[in-house]
Amino acid sequence: MTATQIILLIAAYFGVLIIISYFTGKNDSNVDFFKAGKTSPWYVVAFGMVGASLSGVTFISVPGWVDSSQFSYFQVVLGYMFGYFIVAYVLMPIYYKLNLTSIYEYLLQRFGVVSHKTGAFFFFVSRVLGASFRLFLVAIVLQQFVFDAWNVPFEITVVISILLIWLYTNKGGIKTIVWTDTLQTLFMLVAVILSIYFINQSLGWSFSEFLGSSELKEYSKILVTDSFLERSHFIKSFVGGIFITICMTGLDQDMMQKNLTCKSLKDAQKNMVSFSIVLVLVTFLFMLLGALLFIYAKKHGISTPLMDGNPRTDLLFPEIALNSGLGITLAITFMLGLIAAAYSSADSALTSLTTSFCVDFLGIEKKSPAKQKSIRKKTHIVMSLVLIVVIIVFKYVLSSNVIDSLLTVAGYTYGPLLGLFAFGIFTNYQIKDKYVWIVGVLSVVLTAIIGNIPAESLGGYVVGYELLPINGLLTFIGLILIRRK
């Protein structure tokens, strides 16, 4: 597939999204931008959230991670599923009862202004980094397979990517995203299913023959139970997955903003439960695809693509889909899936960052109606510029697999949110609000120290995804120390 063909495909795809945004953004109101008028059908939200949760990170990075981790990531995914039930039946009733626009307004009502700002700040950092990780992936693929051929700098590729998102989210916000995410999820699922079909066909296998093959068994180990000292031990991964879901979904304005557009709490809970089941199944499909990619690469002598001289397993899927002679259908399928997966999470991230900054930091609801829309639009532009800068920085500092980096960073940035919400929900204490930010910062610093202790100093124990609950626990203990007598 040539660079020109890819550009035409991207243009057609975004043309469809802009048409959707035209109809959903006609009102151009803050009510639609922030809450979609609370009229979203739960099943539409549930289906769209699959794509937003998986994103380009799952589409490329999970298959690329199979070679080094096999299917051990599925242990974390099982933890995700358990965590979604906690979100549905512990956190969502609180958000609906208080009729929140930003979920961090709960901290304002429970503790005070500093707690509110602290929670919103940690979300802001978490979501900027998370969204940038995801967009970085799609940007390096576009750079490697499209824009390098035209000598376009990586920085321009990033600006184009963000500009396209801004174009279709500028007016409708979350109301547009609920519907565009549905389309994007459909493209992504079709892409992974067809990719598995076409690669199996080229290997002369049926799907059942692939599942029973000795080659798959080399990659398909799920449970890691040999030693608790290992980073990916089942208990550590499962518990880590639970807390990652609670934080990256239940305490994340991006993911919860979609749920808060449902007509009722009951609808939102149906959305969350059904979405969690589908997400587990789809993630397993991506791991099967990863194994298939490495089997195909080994049989045909395809080496891992290089970026800046370093091998990047994240680029193996696009290399095989676009350059291995498997046909134009697979190439088109891959590009549509990649674009859909990447932008279905990035567009909602941009919208949620705009929402949180307007509500939590600028107090937009206290401004005059005449100024509110102007504030929202200016903030939307500023958030776009922030993402551009961070993604460009990632090109020069990021070296490991993207999904591993994403989950590691989550352990640091979401921990204070976990501690704050847990303390608010499970205790009746009030706290000295002015000291909350100190507790949050110290918790992150201590967690970073713990996370970087050499395994030899811990008797061979390797710290993994349990950093997140450790961080939350440190915040919880800190809040106990500053509670009011």
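## Salt bridges, loops and a nonpolar patch

Let's start with Lys298, which counts as exposed at 58% relative accessibility. Here exposed means over 50% relative accessible area, buried means under 20%, and partly exposed lies in between, with a 1.4 Å probe and protein chains only. This is a predicted model, in which local features need pLDDT of at least 70 and side-chain atom pairs count only at pLDDT 80 or more, while totals for chains, interfaces and linings use all residues. Residues are numbered from 1 along each chain as its sequence is written, and side-chain values use heavy atoms, with hydrogens and water left out.

**Salt bridges**

What is the partner of Glu218 in a salt bridge? The partner is Lys298, with 3.7 Å between the closest N and O atoms. Glu218 sits in the loop between H10 and H11 and Lys298 in helix H13, so this pair ties together parts that are 80 residues apart in sequence. Glu218 is partly exposed, at 47% relative accessibility. A salt bridge here is a side-chain nitrogen of Lys or Arg within 4 Å of a carboxyl oxygen of Asp or Glu, and by this rule the count comes to six. Helices, for their part, are DSSP runs of H or I with at least four residues, strands are runs of E with at least two, and both are numbered from the N terminus.

Another of the bridges joins the side chains of Glu215 and Lys299, at 3.6 Å from N to O. This pair also links distant parts of the chain: Glu215 belongs to helix H10 (residues 214–217) and Lys299 to helix H13 (residues 265–300), 84 residues apart. Both ends are partly exposed, with a relative accessible area of 23% for Glu215 and 46% for Lys299.

A further bridge runs between Glu466 and Lys236, whose closest N and O atoms are 3.9 Å apart. Because Glu466 lies in the loop between H19 and helix H20 (467–481) and Lys236 in helix H11, the pair ties together parts that are 230 residues apart in sequence. Are these two residues buried or exposed? Glu466 is buried, with a relative accessible area of 10%, and Lys236 is buried too, at 4%.

**Some residues by accessibility**

The residues in this table come up again below.

| Residue | Relative accessible area | Class |
|---|---|---|
| Asp252 | 0% | buried |
| Ser237 | 1% | buried |
| Gln430 | 33% | partly exposed |
| Val441 | 41% | partly exposed |
| Asn151 | 69% | exposed |

Ser237 is placed in helix H11. A contact means heavy atoms within 4.5 Å; leaving aside neighbours within four places in sequence, Ser237 is in contact with Gln75, Val76, Arg231 and Ser232. Asp252 is found in the loop between helix H11 (234–250) and helix H12 (253–259). With neighbours up to four places away again left out, Asp252 has contacts with Ile103, Tyr104, Phe123, Arg127, Cys247 and Tyr414.

Helix H6 (residues 113–145) has 33 residues, which at 1.5 Å a residue should span 48 Å; the end C-alpha atoms are 48 Å apart, in agreement. The expected span is 1.5 Å times one less than the number of residues. H6 is mostly covered, with 26 of its 33 residues buried.

Asn151, in the loop between H6 and helix H7 (154–169), has a positive phi of about 60° although it is not a glycine. Asn99 likewise has a positive phi, of about 55°, without being a glycine; Asn99 lies in the loop between helix H4 (73–98) and helix H5 (105–110).

Where is Gln430? Gln430 is in the loop between helix H18 (415–426) and helix H19 (436–451). Not counting residues up to four places away in sequence, Gln430 touches Arg110, Phe111, Arg483 and Arg484. The side chain of Gln430 reaches the backbone oxygen of Arg110 at 3.4 Å. Between the C-alpha atoms of Gln430 and Asn452, 22 residues apart along the chain, the separation is 33 Å.

Val441 lies in helix H19 and is one of the residues of a nonpolar surface patch with about 850 Å² of accessible area together. Tyr435, Trp437, Ile438, Leu442, Val445, Leu446, Ile449, Ile453 and Leu458 are also in this patch. Patches are made of residues with over 30% relative accessible area and no salt bridge: like charges are joined within 9 Å, and nonpolar side chains (Val, Leu, Ile, Met, Phe, Trp, Tyr) within 5 Å. The areas come from the Shrake-Rupley method with a 1.4 Å probe, and for residues only the protein chains shown count as cover.

Terms used: Polar contact = N/O pair within 3.5 Å; in protein donor to acceptor, adjacent residues only side chain to side chain.
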